[in-house]
Amino acid sequence: MQATRLTLICHARTVAQKLARFPTNEPLEMDWQSAKGSRSVQFKGSRLMSAPELRARQSAELFGSRVEIVEALRDCDFGAWSGVRINDLQKTEPEQLDTWLADPASAPHGGESVTQVVDRVAAWLATLQATPGHVVAVTHPFIIRAALTIVLKSPAFNVIDVEPLSAIELRFNGCWRLRLPGIEPEGTF
């Protein structure tokens with residue numbers, strides 16, 4: 001049986017990230033059009049997927065032009081907090097923010113809870129288990145954090161930081177595993 005290889009890539013940086021705001025459907029901060037296809041050699045022959053939001057689709061075009069939009073990769077619905085600065089919530093709704101951070105089933109913003117996001121990502125990962133080959137999925141920090149908590153069977157969701165354009169690799173061969181690829185030093189071997 002051939003294994004499923006999944007590379008999850010976080011979208012490139014947005015102004016909302018830079019300002020520590022909950023995301024909206026904003027574009028990338030970078031000039032992504034001039035960089036289209038600049039990273040396509042990295043994953044040649046892979047199936048390329050993207051979350052539906054603009055920032056994810058623009059980032060996916062850095063890796064290739066044939067992108068499959070996958071609804072399950074969409075970012076968390078932050079409800080009333082979309083576009084709001086985290087610092088502002090700490091001042092105006094500190095109890096609700098604390099509840100949201102402490103209880104993964106809570107959704108004081110009126111959108112999705114962390115539990116709902118994790119369940120959605122788990123269902124999507126299950127669909128990939130019978131898909132041999134390499135899948136590259138460009139998505140959001142929340143989705144990557146959810147995938148890691150599922151694979152590692154850990155409640156560590158809130159202690160995982162995902163930087164723009166960072167990538168993780170997961171493999172499925174009977175069970176999902178986190179794979180950390182090595183880097184060969186230049187000039188050796």
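The second largest pocket of this predicted model has a volume of about 260 Å³. A pocket here is found on a 1 Å grid over the protein atoms alone, as an open set of points where a 1.4 Å probe fits, with protein on both sides within 12 Å along at least five of seven lines; lining residues have an atom within 4 Å of a point. Grid points are joined across faces, edges and corners, and the volume is the space filled by probe spheres set on the points. Thirteen residues line the second largest pocket, and those closest to its centre are Thr7, Gln42, Phe43, Ala167 and Pro181. Strand 1 and strand 5 each give at least two residues to this lining. Strands (E, at least two residues) and helices (H or I, at least four) are DSSP runs numbered from the N terminus. By type, the lining holds eight nonpolar, two polar and three charged residues, where Ala, Val, Leu, Ile, Met, Phe, Trp, Tyr, Cys and Pro count as nonpolar, Asp, Glu, Lys and Arg as charged, and the others, Gly among them, as polar.

The largest pocket holds about 690 Å³ of space. Its lining has 26 residues, of which Gln17, Ile86, Pro141, Phe142 and Arg145 are the closest to the centre. Helix 1 (15-18), helix 4 and helix 6 are the elements that give two or more residues to this lining. It divides into 14 nonpolar, five polar and seven charged residues.

Residues are numbered from 1 along each chain as its sequence is written. Because the model is predicted, local features need pLDDT of at least 70 and side-chain atom pairs count only at pLDDT 80 or more, while totals for chains, interfaces and linings use all residues; side-chain values use heavy atoms, with hydrogens and water left out.

Next comes the interior. In soluble globular proteins, nonpolar side chains tend to be buried together. A nonpolar core is a set of buried Ala, Val, Leu, Ile, Met, Phe, Trp, Tyr and Cys residues joined through side-chain atoms within 4.5 Å; buried means under 20% relative accessible area, exposed over 50%, and partly exposed in between (1.4 Å probe, protein chains only). The largest core has 39 residues, and Leu6, Leu8 and Trp124 touch the most other members. At least two residues of this core come from each of strand 1 (4-10), helix 4 (94-102), helix 5 (114-128), strand 4 (133-139), helix 6 (141-151) and strand 5 (167-172). Leaving aside residues up to four places away in sequence, Trp124 is in contact (heavy atoms within 4.5 Å) with Leu6, Leu8, Met49, Val70, Ala72, Leu73 and Ala137. A second, separate core has eight residues, including Phe43, Leu48, Leu62 and Val136.

Cys10 is buried at 0% relative accessible area, and Cys76 is buried at 6%. With a disulfide taken as a pair of cysteine sulfur atoms within 2.5 Å, the count is zero.

The loop between helix 6 and strand 5 contains Lys153, Leu165 and Val159. Most residues other than glycine have a negative phi. Lys153, however, has a positive phi near 50°, and Leu165 has a positive phi of about 60°. Lys153 is exposed because its relative accessibility is 73%, whereas Leu165 is partly exposed at 24%. Val159 is exposed at 68%.
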